Amino acid sequence: TTEHRFAAVDLGASSGRVIVGEVAPDRLTLHEAHRFPNRPTRVLGTLHWNILSLYQGVLEGLNAAAAHTAHNRLTSIGIDTWAVDYGLLAADGTLLANPVHYRDTRTTGAAERVAAAIPPPALYAATGLQHLPFNTIYQLVAARATPALAAAHRLLLIPDLIAYWLTGEAGTELTNASTTQLIDPRTRSWSTQVADALGIDLSLFPPLRNPGSPAGHLLPDVLAATGLPHPTPVTAVGSHDTASAVVGVPATTPDFAYIATGTWSLAGLELDAPVLTEASRAANFTNELGVDGTVRYLRNIMGLWMLQECLRTWESTGGEHHLPTLLEAAAEATPLRSVVDAGDPAFIAPDHMPDRIADACRRTGQPVPRTPAETTRCVLDSLALAHRRAIEDAARLSGRTVRTVHIVGGGVHNTLLCQLTADACGLPVVAGPAEAAALGNVLVQARTAGAITGGLTDLRALLHSTQPLRQYEPTGDHSAWDRAAARLGDAQVTGAAT
Ligand code: ADP
Ligand code: LRH
């Protein structure tokens, strides 16, 4: 029998990893070949991704993946990363500027400029995307006068940039392209209307490609660096990490909602068609494109970023904070003492997170958390509340019923967050797998290679039968969550649609 091993390159905002998946029709095992930190760097006031350091991590990871497989052979490699960001290339392929982090403040004021060119209702009708201040269109409008954009021959989204460096071939993978706010979710192709209104040159983007299509072969210098043999193909997967994570949801029935929890919480539903109503726009729901013609109807919630940033602040001021110990203390803290709006864009930027949380509690007339454990509890209660709100809104706006909530991503390790989410939603939560994005990445490659067959339901059945999952039943007094929500008022948890 042919051995099929696939490497998933999965770059998240907190860490990058290269994971080897071994796949057969009834078997799916993962081996983490390499994990490396993702540390953005501020240079002359602008927050950048350390893109070459991340690429170095990819090469080292592929080298470790090769060493893990017989004859160093991988059936293929797939790449997924965070969304919206990009690199600009000259005609000879040179990277013209270091990619800017979506949390950089350069997009301040860009929303007003975009709204002047195309009113928000028309933009939503054309793209179905929630307003996030860092969507690619806002970044491009903010960068309009820069020399790099003026000189650019090509724009590559981050996973497409990594794929280009590995193979020399350029493409724009569709699921991630949908996060630019330049794609019409009905036609699943570029919106020339939006691009023209904003003066964005669509010819900067190489041709669209679908998950499952070939994306080239490793170049000789990459083979030398990784020890992989020629030819090692790269396969397009859901290159938006959240698209791959949704493939990696081990659902067994159609009436599920998902929450991909990592740096962000992405909470919503998988649909066959976009919801482009005014009510959906007002609730700030997005229609990102998924694998196999699906739509990811979801809302961005601040996620564990809030906790990561608190930890970073406490550590920088000399505190020792071990996450598991802190979570144990948070589990003992008073429930729902204070909650903040985990959809509020005020939490997007880095730095001073504990102070910003304290300010939000003060502004809404709630007790200010005094200790790291209380602040942690406030963050987790707030995330659970935002999860519930997103799932309820998604069900209402799409006319669907939800009976099970799946949590995937790094947040699966946070048992308190999983239990609070079950309590807030009043629904059973199935938690796992933590590496759903890597699994979704591997499964799409495996299907393309013929190692497995079927639709998303079949891929999910394989996940369900092979991956360790944990179930949480709702507990506690459900009305306590309604009272906590009421303290935040009507404008909460939508990310303030304009
Ligand atoms: P991303 O893909 O955005 O980089 P991940 O899905 O890797 O993020 O999730 C990272 C988050 O998962 C961390 O910020 C942390 O809050 C949580 N996490 C990871 N491991 C653990 C753990 N052992 N206990 C509790 N939380 C954890
Ligand atoms: C999660 C994610 C999310 C995007 C954000 C920029 O990693 O891709 O889906 O909104 O990063």
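Me: Where is Pro 433?
Reply: Pro 433 sits in the loop between strand E20 and helix H17 (436-449). Helices (H or I, at least four residues) and strands (E, at least two) are DSSP runs, numbered from the N terminus. The model is predicted: local features need pLDDT of at least 70, side-chain atom pairs count only at pLDDT 80 or more, and totals for chains, interfaces and linings use all residues. Residues are numbered from 1 along each chain as its sequence is written, while chains are lettered from A and ligands numbered from 1 in the order in which they are written.

Me: Thanks! Is the peptide bond from Gly 432 to Pro 433 cis or trans?
Reply: That bond is cis, and its omega is near -5 degrees. The bond from His 230 to Pro 231 is cis too, with omega near -5 degrees. Pro 231 belongs to the loop between helix H9 (220-226) and strand E14 (233-235).

Me: Why point those out?
Reply: Most peptide bonds are trans, and most residues other than glycine have a negative phi.

Me: OK, which way does phi go for Gln 181, positive or negative?
Reply: Positive, at about 75 degrees, although Gln 181 is not a glycine. Gln 181 lies in the loop between helix H7 (174-177) and strand E10 (183-184).

Me: Is Gln 181 buried or exposed?
Reply: Gln 181 counts as buried because it has 27 C-beta neighbours inside 10 Å. The cut-offs: buried is 20 or more other C-beta atoms within 10 Å of a residue's own, exposed is 12 or fewer, and partly exposed is in between, with C-beta atoms placed from the backbone.

Me: And what about Arg 188?
Reply: Arg 188 is not a glycine either, and its phi is positive, about 55 degrees. Look for Arg 188 in the loop between E10 and strand E11 (189-190). Arg 188 has 17 other C-beta atoms within 10 Å, so it is partly exposed.

Me: Switching topic: how many residues of helix H16 are buried?
Reply: 9 of the 11 residues of H16 (residues 415-425) are buried, so this helix is largely enclosed by the rest of the structure. Among the buried ones are Leu 417, Gln 419, Asp 423 and Cys 425.

Me: What covers the buried residues of H16?
Reply: The cover includes strand E15 (256-261), strand E19 (404-408), strand E20 (429-431) and strand E21 (470-472), along with helices H15 and H19.

Me: You mentioned H15 and H19. At what angle do they pack?
Reply: H15 (residues 372-398) and H19 (residues 479-488) pack at about 95 degrees, with their axes 11 Å apart. Axes are lines fitted to C-alpha atoms, for helices over the stretch in contact, and angles run from 0 to 180 degrees between N-to-C directions. That makes H15 roughly perpendicular to H19 (under 35 degrees is roughly parallel, over 145 roughly antiparallel, 65 to 115 roughly perpendicular and the rest oblique).

Me: Which residues make the contact?
Reply: H15 brings Asp 381, Leu 385 and Arg 388, and H19 brings Trp 481, Ala 484 and Ala 485. Contact here means C-beta atoms, placed from the backbone, within 7 Å. By class, the contact has 4 nonpolar, no polar and 2 charged residues. Ala, Val, Leu, Ile, Met, Phe, Trp, Tyr, Cys and Pro count as nonpolar, Asp, Glu, Lys and Arg as charged, and the others, Gly among them, as polar.

Me: Now the ligands! Which residues come nearest to ligand 1?
Reply: Of the 16 residues around ligand 1, the nearest are Gly 12, Ser 14, Gly 262, Thr 263 and Gly 410. A residue is near a molecule if its C-beta atom, placed from the backbone, lies within 6 Å of it. The shell divides into 5 nonpolar, 11 polar and no charged residues. Helices H12 (305-316) and H13 (323-332) each supply at least two of the shell's residues.

Me: And ligand 2?
Reply: Ligand 2 has 13 residues around it, with Trp 82, Ala 83, Asp 241, Thr 242 and Trp 264 coming nearest. Its shell has 7 nonpolar, 5 polar and 1 charged residues.

Me: Last one: what does Trp 305 touch?
Reply: Trp 305 touches Thr 263 and Trp 264, not counting residues up to four places away in sequence. Trp 305 is in helix H12 and is buried, because 22 other C-beta atoms lie within 10 Å.

How values were computed: Contact = placed C-beta atoms within 7 Å.
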